[in-house]
Amino acid sequence: MALDKVKEFFAGTELDGKIVELNQSSATVDLAAAAIGCEADRIAKTLSFLIEDKPLIIVVSGKSKIDNAKYRHKFETKAKMIPFDQVEELTGHAPGGVCPFALKPGIPVYLDESLKKFDSVWPAAGSHNSCLNMTIAQLEKFSGFTEWVDVTKPMEE
């Protein structure tokens, strides 16, 4: 189970034991925000894409969406999300629990600029009902991110 892999990933770190397991689903931004009691934009939404059949992860703020022109400019290809039924096989996490920790080896992680407006954010932790609060510095450290990118725009309300 991916949640166990994420718990093991954080074992012995300052985030050991900080994963919150909720009684309800946190598989979407709105469900997670309601379950945690935070604003939806502070949910660190992990999106999974394919470039030439290789997975890539981008973590964005909860109320942001991919701006296709910015994505194409950065990655020199059209944004193509991993098909739902292939997410777990390719990333190691099932949809609703995808996070930038304990991924399958070799998957690059990018952090979107939309996250920088917060001191701390709430990414998933490997299951549809788990998450943890972490600072942006901790997100950088534990995600092993490749670089900061600007590939999103705010969602329209």
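Which residues do ring pairs link into a cluster? In this predicted model, they are Phe9, Phe10, Phe101 and Phe142.

**Figure 1. Aromatic pair Phe9–Phe142 within the ring cluster.** The count of aromatic pairs comes to nine. Phe9 and Phe142 pair edge-to-face, with 6.5 Å from centre to centre and 70° between the planes. Phe9 belongs to helix H1 and Phe142 to helix H5, so the chain positions brought together are 133 residues apart. Phe9 is partly exposed at a relative accessible area of 33%, whereas Phe142 is buried at 9%.

**Figure 2. Aromatic pair Tyr71–Phe75 in helix H3.** The ring centres of Tyr71 and Phe75 lie 4.8 Å apart; the planes meet at 45°, so the pair is classed as tilted. Both residues are in helix H3 (residues 68-75), and their spacing of four residues amounts to about one helical turn. Tyr71 and Phe75 are buried.

**Figure 3. The largest nonpolar core and the surroundings of Leu132.** This core has 30 residues, and those with the most contacts inside it are Val6, Phe10, Phe101, Leu115 and Leu132. Two or more residues each come from helix H1 (2-10), strand S2 (43-51), strand S3 (54-61), strand S5 (109-112) and helix H5 (136-143). Beyond its neighbours within four places in sequence, Leu132 is in contact with residues including Phe10, Leu15, Ile19, Phe101, Val121 and Trp122. Lys18 is also among the contacts of Leu132. Another core, of eleven residues, lies apart from the largest one; among its members are Ile58, Val60, Phe75 and Val151.

**Figure 4. Salt bridge Asp41–Lys117.** The structure holds seven salt bridges. In the one shown here, the closest N and O atoms of Asp41 and Lys117 are 2.9 Å apart. Asp41 is placed in the loop between helix H2 (29-36) and S2, and Lys117 in the loop between S5 and strand S6 (120-123), so the bridge ties together parts 76 residues apart in sequence. Asp41 counts as buried at 13% relative accessibility, while Lys117 is exposed at 53%.

**Figure 5. Salt bridge Asp150–Lys70.** The N to O distance between these side chains is 3.1 Å. Asp150 lies in the loop between strand S9 (147-149) and strand S10 (152-154), and Lys70 in helix H3, 80 residues apart. Asp150 is partly exposed at 43% relative accessibility, as is Lys70 at 30%.

**Figure 6. Lys116 with Trp148 and Glu113.** The charged end of Lys116 sits over the ring of Trp148, 4.7 Å from the ring centre. Lys116 also forms a salt bridge with Glu113, at 3.5 Å from N to O. Lys116 is partly exposed at 44% relative accessibility, and Glu113 is partly exposed at 33%.

How values were computed: Residues numbered from 1 in each chain as written. Heavy atoms only, no water. Core = buried A, V, L, I, M, F, W, Y, C linked by side-chain atoms within 4.5 Å. Buried < 20%, exposed > 50% of the residue type's maximum accessible area, 1.4 Å probe, protein only. Contact = heavy atoms within 4.5 Å. Phe/Tyr/Trp six-rings, centres within 6.5 Å; stacked < 30°, edge-to-face > 60°. Lys NZ or Arg CZ within 6 Å of the ring centre and 35° of its normal. Salt bridge = Lys/Arg side-chain N within 4 Å of Asp/Glu carboxyl O.
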